[in-house]
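Look at the sequence and the structure below. The briefing that follows takes them topic by topic.

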Amino acid sequence: MSRRADDSSDAPDLRQAGLRRTVQREAILRVLEASDRPLSVEDIRARMMGKRPGIPTIYRNLERFAHEGWAEALVGDDQVARFVRCRSSHHHHHLVCEGCGRAVEVDACGLLGSLEEIEQATGFKLTRHVLNLFGTCPACQRNRA
Ligand SMILES: [Zn+2]
Ligand SMILES: [Zn+2]
Ligand SMILES: [Zn+2]
């Protein structure tokens with residue numbers, strides 16, 4: 001893997017996490033940032049400029065991004081994991097339009113009351129949850145009408 005020393009950084013969050021910046025990581029993040037739709041690993045590779053890493057390398061980076069909260073995998077009806085860039089550093093959810101495929105991040109949860117009820121009903125102490133919301137975006141609703 002090619003590495004280069006930290007110089008002027010346009011990706012400060014990579015440094016904060018103590019990660020070595022690599023050209024590849026930046027290229028993957030750029031591809032995610034440029035897209036308003038979740039992208040599969042193959043989609044990401046196809047959009048990368050210059051020398052492309054292999055699928056396993058891209059996947060490893062995405063797992064790392066997911067671990068750091070920079071990106072997240074959304075699994076649709078076809079069971080394919082597609083990745084989005086996460087903007088918020090807090091707990092949040094993503095909405096995906098099933099018409100056009102666009103994804104929107106919502107910096108809110110709204111589930112906390114229900115989760116407490118579930119804890120009371122089951123005796124579980126919940127530590128995390130994952131919820132992806134699918135529907136029809138305003139533009140697609142207008143086009144349909
Ligand atoms: Zn996210
Ligand atoms: Zn739409
Ligand atoms: Zn939530």
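This is a predicted model: local features need pLDDT of at least 70, side-chain atom pairs count only at pLDDT 80 or more; totals for chains, interfaces and linings use all residues.

Residues are numbered from 1 along each chain as its sequence is written, and chains are lettered from A and ligands numbered from 1 in the order in which they are written.

**The chain as a whole**

- The chain has 6 helices and 5 strands; helices (H or I, at least four residues) and strands (E, at least two) are DSSP runs, numbered from the N terminus.
- Read from the N terminus, the order of elements is α-α-α-α-β-β-β-β-α-β-α.
- The chain has 145 residues, and 17% of them count as buried. A residue is buried if 20 or more other C-beta atoms lie within 10 Å of its own, exposed if 12 or fewer, and partly exposed in between, with C-beta atoms placed from the backbone.
- Two residues are in contact if their C-beta atoms, placed from the backbone, lie within 7 Å. Of the contacts between residues at least 6 apart in sequence, 39% join residues at least 24 apart.

- Ile58, Asn61, Leu62 and Phe65 are the buried residues of helix 4. They cover an arc of only 100 degrees around the axis, which puts them on the same side of helix 4; the arc is that of the directions from the helix axis to the C-beta atoms.
- An α-helix has 3.6 residues a turn, so residues three or four places apart point the same way.
- Exposed Pro56 and His67 sit on the face of helix 4 turned away from its buried side.
- The cover over the buried residues of helix 4 includes helix 2, helix 3 (41-47), strand 1 and strand 2.

**Helix 2 against helix 4**

- The axes of helix 2 (residues 23-34) and helix 4 (residues 55-68) come within 10 Å and cross at roughly 75 degrees. Axes are lines fitted to C-alpha atoms, for helices over the stretch in contact, and angles run from 0 to 180 degrees between N-to-C directions.
- Helix 2 and helix 4 are therefore roughly perpendicular to each other. Angles under 35 degrees count as roughly parallel, over 145 as roughly antiparallel, 65 to 115 as roughly perpendicular and the rest as oblique.
- In this contact, Gln24, Arg25 and Ile28 of helix 2 meet Thr57, Ile58 and Asn61 of helix 4.

**Two buried strand residues**

- Val84 is in strand 2 and counts as buried, with 22 C-beta neighbours inside 10 Å.
- Val84 and Pro38 are 46 residues apart in sequence, yet their C-alpha atoms are 4.8 Å apart in space.
- Ala103, in strand 4 (residues 103-106), counts as buried with 23 C-beta neighbours inside 10 Å.
- Ala103 and Arg37 are 66 residues apart along the chain, with 5.4 Å between their C-alpha atoms.
- Beyond four places in sequence, Ala103 touches several residues, including Pro38 and Val84.

**Exposed parts**

- Gln79 lies in the loop between strand 1 (71-75) and strand 2 (81-85). Gln79 is not a glycine, but has a positive phi of about 65 degrees.
- Gln79 counts as exposed, with 6 C-beta neighbours inside 10 Å.
- Helix 5 (residues 112-122) has 11 residues, of which the number buried is 0, so helix 5 lies largely in the open.
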